[in-house]
Protein chains: 2
Amino acid sequence: MNTNLIFKALSNEVRAQILEWLKEPDENFGPQIFLPPDSDFRGGICVGSIQEKAGLAQSVISSYLTLMKNVGLLESKRFGQWTYYRRDEEKIKAFAEYVKTQL
Amino acid sequence: MNTNLIFKALSNEVRAQILEWLKEPDENFGPQIFLPPDSDFRGGICVGSIQEKAGLAQSVISSYLTLMKNVGLLESKRFGQWTYYRRDEEKIKAFAEYVKTQL
DNA sequence: TCATTATATCTAATTATCTCGATTTATCAA
DNA sequence: TTGATAAATCGAGATAATTAGATATAATGA
C-alpha cells in the first residue's frame with residue numbers, strides 16, 4: 001500500500017467525487033443495464049456513465065480510473081467492450097486503518 | 001474540516017514526513033533547549049530544527065508548516081523569535097475518523 | 001540604536017498535474 | 001469483413017506545485 005499515492009489520488013476533487021459516487025452506484029448512476037446480472041461484479045459502473053456524470057473528457061476519466069485502480073482505491077472488470085469500475089472496499093478499509101493508527 | 005486540502009497537504013512526501021517526525025519530537029529532533037519548560041507547548045519544534053532535518057530551503061519549510069497549520073494538521077505558538085509547531089492531534093483524529101467512516 | 005537571529009513573504013524557474021482532442025485498440029453486430 | 005461503440009493511450013497547452021534565493025518582518029541583545 002503506497003499511502004502517498006493514495007493521498008495524491010484523493011487530493012483531486014473529481015477523483016474523490018467519483019469514489020464517493022461509487023458508494024451508492026445505483027442512486028448516482030442508475031442501473032447498469034449492460035452489466036450481466038450473473039457477473040458477480042455488483043456495483044460496477046462503466047467508464048461512460050462515470051464520464052457523463054463527471055462532465056470531463058472521456059480520456060481524462062479513463063486515466064483517472066486507471067490511476068485510482070493502480071493505487072488500490074478501485075477494482076475493474078471488463079465485459080465485452082465495457083470496463084466496469086467499483087470501489088475496492090478491502091483496500092480502502094486498509095488505508096483508513098493506516099490513517100487511524102499510523103498518521 | 002476541508003478534507004480535500006488535507007489530502008493535498010499529505011500528498012507531498014516532505015510534508016507527510018514532517019507530520020510523522022512530529023509524532024516523536026524528542027527522538028527525531030532532540031530536546032528543544034529554547035522552549036521554556038513552563039510554556040505548556042510540549043512537543044513543539046521550531047522551524048529551524050525541522051528545516052535542518054528536512055534539508056530543504058528555510059522558505060520552503062516555513063510555507064509548508066503554514067500550509068499544514070492552515071488545513072488543521074499542525075498548531076503553532078510563537079515564543080520570542082521562535083515559532084514552534086506540533087501536531088494538532090484532535091484535528092488529525094477527526095480527519096482519521098472521517099476517512100474511516102465517510103471515505 | 002544597531003547588528004544578529006528566526007521566521008515569513010515575495011519572485012521566479014523548474015517540474016508536475018490537469019485537461020482536451022486525436023488516435024489506437026478491443027469488442028460487437030450486421 | 002466492415003462499421004460502430006467503448007475504453008485506453010498519446011501529444012500538447014494551460015494551470016498548479018515545488019523549490020530556491022532574496023527580501024521583509026519580528027524579536028533579541030549589546
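Tutor: In this predicted model, a polar side-chain atom of B:Y64 lies 2.7 Å from a phosphate oxygen of DNA strand D.

Student: What makes B:Y64 and the phosphate oxygen of DNA strand D a polar contact?

Tutor: A polar contact needs N or O atoms within 3.5 Å. The distance for B:Y64 is 2.7 Å, so the pair qualifies. For A:Y85, an N or O atom of the side chain is 2.9 Å from a phosphate oxygen of DNA strand D.

Student: Which elements give two or more residues to the surface near DNA strand D?

Tutor: Chain A supplies α4 (47–54), α5 (58–71) and β3 (82–87), and chain B supplies α5 (58–71). By class, that surface has eight nonpolar, ten polar and two charged residues.

Student: Why is the pair B:K100 and A:E97 called a salt bridge?

Tutor: The cut-off is 4 Å between a side-chain nitrogen of Lys or Arg and a carboxyl oxygen of Asp or Glu. The closest N and O atoms of B:K100 and A:E97 are 2.6 Å apart, so the pair counts as a salt bridge. Between chain B and chain A the count is two salt bridges.

Student: Which element gives the most to the side of chain B that touches chain A?

Tutor: That is α6(B), with seven residues. The residues on this side of chain B divide into eight nonpolar, four polar and six charged.

Student: How much area do chain B and chain A bury between them?

Tutor: About 1600 Å², with 59% of it on carbon and sulfur atoms.

Key:
Residues numbered from 1 in each chain as written. Chains lettered and ligands numbered in written order. Predicted model: local features only at pLDDT ≥ 70, side-chain atom pairs only at ≥ 80, totals over all residues. Heavy atoms only, no water. Polar contact = N/O pair within 3.5 Å; in protein donor to acceptor, adjacent residues only side chain to side chain. Helix = DSSP H or I, 4+ residues; strand = E, 2+ residues; numbered from the N terminus. Nonpolar A, V, L, I, M, F, W, Y, C, P; charged D, E, K, R; others polar. Buried area = accessible area lost by both parts, 1.4 Å probe.
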